[in-house]
Amino acid sequence: LSVDLCVWHAWMRCGGGTYQSQNRYQTEESFFHEVEKILAPYQDTLQLHQGALLHYRPLQEPIEMLFIDAMKSWPLAEKIVTAFFPRLIPGTSVVVQQDFVYHSWVGATNHLLMWRLRDYFAPIHFVPGSASLAFVCKKQIHPADLADISVESFSLEEIGTAYDYALATGPEERDPLWRDAATPPFLLDAQ
């Protein structure tokens, strides 16, 4: 299952410089039909859902693999963790955090939440040439385990520890851009 709005934004022009669609769409224009075409060969194994993740009501089926590229805000991060993590299968499920090795405030939710839930996950693989790190789910996550994962629940000391953890779990050599571990402004505002 893939959940995405598939709506073009101006900031998307800066990524994937060789991707043919980058100059084809205007801001707020849907590119859902192009994504459907690209993913057509995988329609037997992938279901595409166009919509806002914050409003998506997931099925209650177990999840074997969860690829996350949406933890760009606290509301999205909390939705992903509370809606999907309790359905992971201990010893089987793999969670790929697409921005985990990107050490900037944009990926802060990844670092903080995976540190807070470190007893439930073990890092297993860095995806070369990316900012992605895969984790295996070690034990069942119950909704009660996720009672307080709000940004306000993290102290400045925990934030530093979480970043140290993230730096230690990634590759030894990384792009210098990924080493920007400055504390995000929205975390300082929450203290």
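This is a predicted model: local features need pLDDT of at least 70, side-chain atom pairs count only at pLDDT 80 or more; totals for chains, interfaces and linings use all residues.
Which residues is phenylalanine 121 in contact with, leaving aside its neighbours within four places in sequence? Residues are numbered from 1 along each chain as its sequence is written, and side-chain values use heavy atoms, with hydrogens and water left out.

**View 1. Surroundings of phenylalanine 121.** Beyond those sequence neighbours, phenylalanine 121 is in contact (heavy atoms within 4.5 Å) with Phe85, Leu88, Val95, Met114, Phe135, Val136, Cys137, Lys138 and Ile141. One aromatic cluster is formed by Phe85, Phe100, Phe121 and Phe135; rings of Phe, Tyr and Trp (its six-membered ring) pair if their centres lie within 6.5 Å, with planes under 30 degrees apart counted as stacked, over 60 as edge-to-face and the rest as tilted.

**View 2. The largest nonpolar core.** A nonpolar core is a set of buried Ala, Val, Leu, Ile, Met, Phe, Trp, Tyr and Cys residues joined through side-chain atoms within 4.5 Å, where buried means under 20% relative accessible area (1.4 Å probe, protein chains only). The largest has 39 residues, of which Phe85, Leu88 and Phe121 touch the most other members. At least two residues each come from β3 (65-68), α2 (74-84), α3 (108-116), β6 (133-137) and α4 (156-169); helices (H or I, at least four residues) and strands (E, at least two) are DSSP runs, numbered from the N terminus. The most is given by α2, with six residues.

View 3. A separate core of seven residues includes Cys6, Trp8, Phe31 and Val35. Cysteine 6 counts as buried because its relative accessibility is 1%. Among the seven aromatic pairs of the structure, tryptophan 8 and tyrosine 25 form a tilted one, 5.7 Å centre to centre with 35 degrees between the planes. Both residues lie in the loop between β1 (2-4) and α1 (32-39), 17 residues apart, and both are buried.

**View 4. The pair of tryptophan 74 with phenylalanine 154.** These rings form a tilted aromatic pair, at 5.9 Å centre to centre and 45 degrees between the planes. Tryptophan 74 belongs to helix α2 and phenylalanine 154 to the loop between β6 and α4, so the pair ties together parts 80 residues apart in sequence. Tryptophan 74 is buried at a relative accessible area of 8%, and phenylalanine 154 is buried at 1%. Arginine 116 lies over the face of phenylalanine 154, 3.9 Å from the ring centre; a charge sits over a ring if NZ of Lys or CZ of Arg is within 6 Å of the ring centre and within 35 degrees of the ring normal.

Technical notes. Buried means under 20% relative accessible area, exposed over 50%, partly exposed in between (1.4 Å probe, protein chains only).
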